[in-house]
Amino acid sequence: MSLHPSTCPLDCPDSCGVLLETDEHGRFTGLRGNPDHSWSEGHLCGKTAIYHEVALGANRLKVPLVRQGGALREASWDEALDRIAEGVGSLDGEELLALSYAGSMGLMARHGPMRVMNALGARCTDGSICDSTSAEGHQVVLGDAVGPDLERVVEADLLVIWGCDARRTMQHLMPRVKQILHKGGQVVVIDVYRTDTLRMVEGWGGRGLVVSPGSDASLALGLCERAFQNGSADISFLKEQCMGAAELRAEIAGAYTLERVAGDTGLAPSEIEWLSSCLAGSSEAWIKTGIGWNRRRNGAMSMRAVCSLAAVLGIADHLHFESGDHFGLDNDWLSQPERLGDRGREPIRHIEVGRELEAGHFRGAVVWGHNPAVVLPESGRVQAGLARDDLFLVVHELVLTETARLADVVLPATALPEYTDVFKSYGHRVLQISRKVCDAPAEQRSNLRTFASIAQRLGMDEDLCRLDEEELLTGFMNHHRSRFTDGEFERLQRGEPVKLQPRSGLTRGTPSGRIELASDQCDEQGQGRVAAYVPDDGCSMAGRFWLHPTPSVATHNSTYSHSGRHVRRAGSPRVWVHPEDARELGLTAGQDVRLHNEVGSLTLSLALNDDAPRGMVRVEGFPDPAQTSEGLSTNALTRSTASDLAAGFCQFSARVDLSPA
Ligand code: SF4
């Protein structure tokens, strides 16, 4: 057996170092953690530890499929490419939609195909389904989200994990959390229900605080006000490195009293006092934020408030939000937007794909690394739109996803051991080149080779027809050569996981170069110059319950939703309801219930627990649409209403009612 260093390709901030195993014939057989990876230290989560069951699974697509007489049948690459040339080749770029996301986090697999799509003049989407709301909130206050080196979090004497179920979404933070507690530090978890992380930290001696959904800004600003009152605000830091501190202080003075914050958040005044005194007494406080409030209507405002708190306490450089800004890599070098020329196209809003398609826009769509039929809001609309007779749909995929089932042409994709790519992280600072270690088992082609094949068939420029992983990798690394020390560059070429040094000469990335506690940009967008608490309006839905889609321990977005063991581990699709709410509605455990609202409905089996407060129902992961009577998943119930900044997805702002099915 041989071992080959690589990186987990999933959309996860841990971006674990893996070792791919091949047998004496060079065939991929499995994978394990790479002990030389400084963040993941040789450990993988249970989901990816069985990634080989996806790569070697019987349901992996082996050859292209084309639609005939309403059904998909096997075809040669030649026939599939001919179909694509017929369906897409004659379209004006304005009629063609490029839909990609994070199926593989490999930078070349994600962004390289855009060279071809840009040359065709296709419309793409903005990046708004995951983190854009918080990223923008962070940007307007603290600037680029370079953040601290999270490997150093063990130096904290106080860690506030805010809106981040790290146990499920960033598991390698947890051993570090334990270390902080073992050496006598304090860890506080703030979330909207009793997450795995919150319960685990309580079990280790830390403390959990459950706040009302969307009330984070009130808590953060209340803590700011108390910091000014109790003398723990870092006045010299505010003077030297921030602008707008006086304005913020004046705005919040008297506005965020203990009673008001307690009313907004549902916390006891004593809990707020306690947290405030912990922050005041800490000499090394860190804040780790996650996706918590990011997918809410008021997500940017919450992020602005928490960033403002970090600035007031003088710990702005100890606030970590998920971002790859540390690496300073240029995705445009890969995607070449300049190929659009004077056909400049505004991206469409990612959250509005369903509405765009429903309105009859576009006559062709090309999808890679994405399952829009499940992961986008108003998924009923998205599915109906993708199934339009007058839309020619091409999907490049590993397995027959819900989106692929609607396609006119399905192209089989390579799995991790079968392509070369470069992986960064949005959690830590390790970069790694992952080289192809074996051929695809059948006719699967990598993203780049697939788009080169399409370019050839469409008679496009020679360089697009020759898109090649090794060549692109060499160009990409050379383009960024000044980002790496000689030692880093050599180690990267050898495939080692390399923790990159901070970039030199880095500025904050705000217009003023300082932390901006008052923002002209936000003011112009009607969002107020300083952070304020604006309650989440639930996307104007009237349902009695907040619908909270939470991370699954068994599946990952929709990536593992077509793998037998992952799906079995996830169990049958269910909704978790507080026992008192169920009793009031006359509902019992195990019965099928219908979740419904202004957008759609979804039938799930009812399960009881009191991890979430009354008034909230939880659904883990994306329930398998094949197991619901509607053939849909959670996003059948979410709306395309945009967040307060950056037009982000408000997945956590949906409200629903419950009825017996
Ligand atoms: S999904 Fe996340 S935790 Fe699991 S192996 Fe991949 S990067 Fe690591």
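The points below cover the domains, their interface, the salt bridges and the ligand shell.

The model is predicted, so local features need pLDDT of at least 70 and side-chain atom pairs count only at pLDDT 80 or more, while totals for chains, interfaces and linings use all residues. Residues are numbered from 1 along each chain as its sequence is written, and side-chain values use heavy atoms, with hydrogens and water left out.

**Domains**
- The protein chain is assigned domain 1 (65–129 + 340–479), domain 2 (132–322) and domain 3 (538–660); the bounds come from an automatic or database domain assignment.
- Between the C-alpha centres of domain 2 and domain 3 the distance is 27 Å.

**Interface of domain 2 and domain 3**
- Contact (heavy atoms within 4.5 Å) joins 22 residues of domain 2 to 25 residues of domain 3.
- The buried area is about 2000 Å², with 57% from carbon and sulfur atoms; this is the accessible area (1.4 Å probe) that two parts lose on being put together, summed over both.
- The rule finds 2 salt bridges across this interface, where a salt bridge is a side-chain nitrogen of Lys or Arg within 4 Å of a carboxyl oxygen of Asp or Glu.
- There are also 12 residue pairs in polar contact, both residues at pLDDT 80 or more. A polar contact is a pair of N or O atoms within 3.5 Å; within protein, one must be able to donate a hydrogen and the other to accept it, and residues adjacent in sequence count only if both atoms are side-chain atoms.
- On the side of domain 2 that touches domain 3, helices H5 (132–141), H6 (166–169), H8 (196–203) and H14 (299–312) each supply at least two residues. Helices (H or I, at least four residues) and strands (E, at least two) are DSSP runs, numbered from the N terminus.

**Salt bridges**
- The count by this rule is 45 salt bridges.
- Lys499 and Glu151 form one through their side chains (3.2 Å, N to O).
- Lys499 is in strand E18 (residues 498–499) and Glu151 in the loop between H5 and strand E7 (158–162), 348 residues apart.
- Glu620 and Arg168 also form a side-chain salt bridge (3.4 Å, N to O).

**Ligand**
- Cys8, Cys12, Asp14, Ser15, Cys16, Cys45 and Thr48 surround the ligand, each with a heavy atom within 4 Å of the molecule.
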